[in-house]
Amino acid sequence: LQASQLFSVKDYVCVVTGGGSGIGLMAAQALAANGAKVYITGRRADALERAVKSHDPAEGGEIIALTTCDVTKKDDLSKLHDELAKREKYINLLVCSAGISGEKAEPDESSAKSLKEKLWNNETFEGWNETYNTDVTAVYFTTVALLPLLQAGTESHGHLSASVIVISSMSGIMRHAQGHFSYNAAKGATVHLTKLMSAEFMKVRIRVNSIAPGYFPSEMTAKESDEQQKSSLPDEKIQEKGHVPMGRAGSDEEMAQAVLFLTKNAYVNGEILAVDGGVLNV
Ligand code: NAD
């Protein structure tokens, strides 16, 4: 029962969408550092190349950039499958981390008329749909595209070793009045989609779980910072928001531990693992 054995992903083949930055990159680095061959994909070739360079092959494992893929496009997902199928007979893990945060509407108005004006302008139909397509629909279709390769992963390693980790959010669990309707609603759907897929895809012996992060350093959270140079939301801002009792962002190591746990524990299915500094679930 040594940790090095329990959490080893040696010989695992993994795929990470949105693997060029943020939480996707943290997952890719954690898996590679523990022996896996990790294919990353996303929309930006330069980000994928930087991610490959961030891994020291001397540590073991590998990070390999696939051709770019927009996960909201079915043709791109077919190409992703074909490219993987040419290289590998199976995959053991898919991490769906590609995501966008959409527009914030900040509805602090007291009159319904001004509230409507604000929401109607900021939360455009296009923005809402783009967020939903990326954060929910694409998670479903990416998983479906790779189902046969995942099932082959279960067969090759046994013990329900093949699984999907969906990166949802604390925003999909808590009732959080921060004017972020499209994102929070989409993430709520992502949480439920995880549970549904975990039940449906158990029929083909594939587990599906989710990590619901609080604040982690990434391009997405950096956008919320006032200072351009920051790579994350500063802890003072997190404290101001008031819903994270630990008052700080999570670390790469804390994300790595969650990813390895869900990857290796074959008795966990349909779980939404909050890694969020103990967010008050209101
Ligand atoms: P990020 O912006 O660094 O990473 C998201 C990645 O997804 C980027 O590399 C982006 O280019 C890629 N991407 C976006 N749309 C895509 C598309 N259509 N096709 C392919 N790739 C696409 O931000 P992040 O915070 O690492 O986000 C990763 C996931 O984590 C998201 O689903 C996000 O909602 C979730 N999340 C993040 C936090 C946090 O604090 N960082 C908290 C909760 C949830």
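The axis of a helix is a line fitted to its C-alpha atoms over the stretch in contact, and the angle between two axes is taken between their N-to-C directions. With that in mind, this briefing describes a predicted model of a protein whose secondary structure comes to 11 helices and 7 strands.

**Overall form**

- The protein has 282 residues and a radius of gyration of 19 Å, which agrees with the value near 19 Å that a compact globule of this length would have.
- Along the principal axes, the C-alpha atoms fill a box of roughly 60 × 35 × 35 Å.
- Of the 282 residues, 45% count as buried.
- When contacts between residues at least 6 apart in sequence are considered, 72% of them join residues at least 24 apart.

**Helix 4 with helix 6**

- Helix 4 (residues 74–87) and helix 6 (residues 125–145) have axes that come within 9 Å and cross at roughly 35°.
- This crossing of helix 4 and helix 6 is right-handed.
- On the side of helix 4, the residues that meet helix 6 are K74, L77, S78, L80 and H81, and their partners in helix 6 are F141, T142 and A145.

**Helix 2 with helix 11**

- Helix 2 (residues 22–33) packs against helix 11 (residues 252–264) at an angle of about 65°, and their axes lie 9 Å apart.
- Because angles of 65 to 115 degrees count as roughly perpendicular, helix 2 is described as roughly perpendicular to helix 11.
- Helix 2 passes helix 11 in a right-handed crossing.
- Helix 2 contributes I23, M26, A27, A30 and L31 to the contact, while helix 11 contributes D252, M255, A256, V259 and L260.
- The residues of this contact comprise 9 nonpolar, no polar and 1 charged.

**Loop residues with positive phi**

- D11 is not a glycine, yet its phi is positive, at about 70°.
- D11 is found in the loop between helix 1 (3–6) and strand 1 (13–17).
- With 11 other C-beta atoms within 10 Å, D11 is exposed, because a residue with 12 or fewer such neighbours is counted in that class.
- R205, a residue other than glycine, also has a positive phi, near 65°.
- The loop that holds R205 runs between helix 8 (181–200) and strand 6 (207–213).
- R205 has 17 other C-beta atoms within 10 Å and is therefore partly exposed.

Note on methods: Residues numbered from 1 in each chain as written. Predicted model: local features only at pLDDT ≥ 70, side-chain atom pairs only at ≥ 80, totals over all residues. Helix = DSSP H or I, 4+ residues; strand = E, 2+ residues; numbered from the N terminus. Rg over C-alpha atoms; globule rule 2.2 N^0.38 Å. Buried ≥ 20, exposed ≤ 12 C-beta atoms within 10 Å, placed from the backbone. Contact = placed C-beta atoms within 7 Å. Axes fitted to C-alpha atoms, helices over the stretch in contact; angles between N-to-C directions. Parallel < 35°, antiparallel > 145°, perpendicular 65-115°, else oblique. Left-handed = near helix turned anticlockwise from the far one by under 90°. Nonpolar A, V, L, I, M, F, W, Y, C, P; charged D, E, K, R; others polar.
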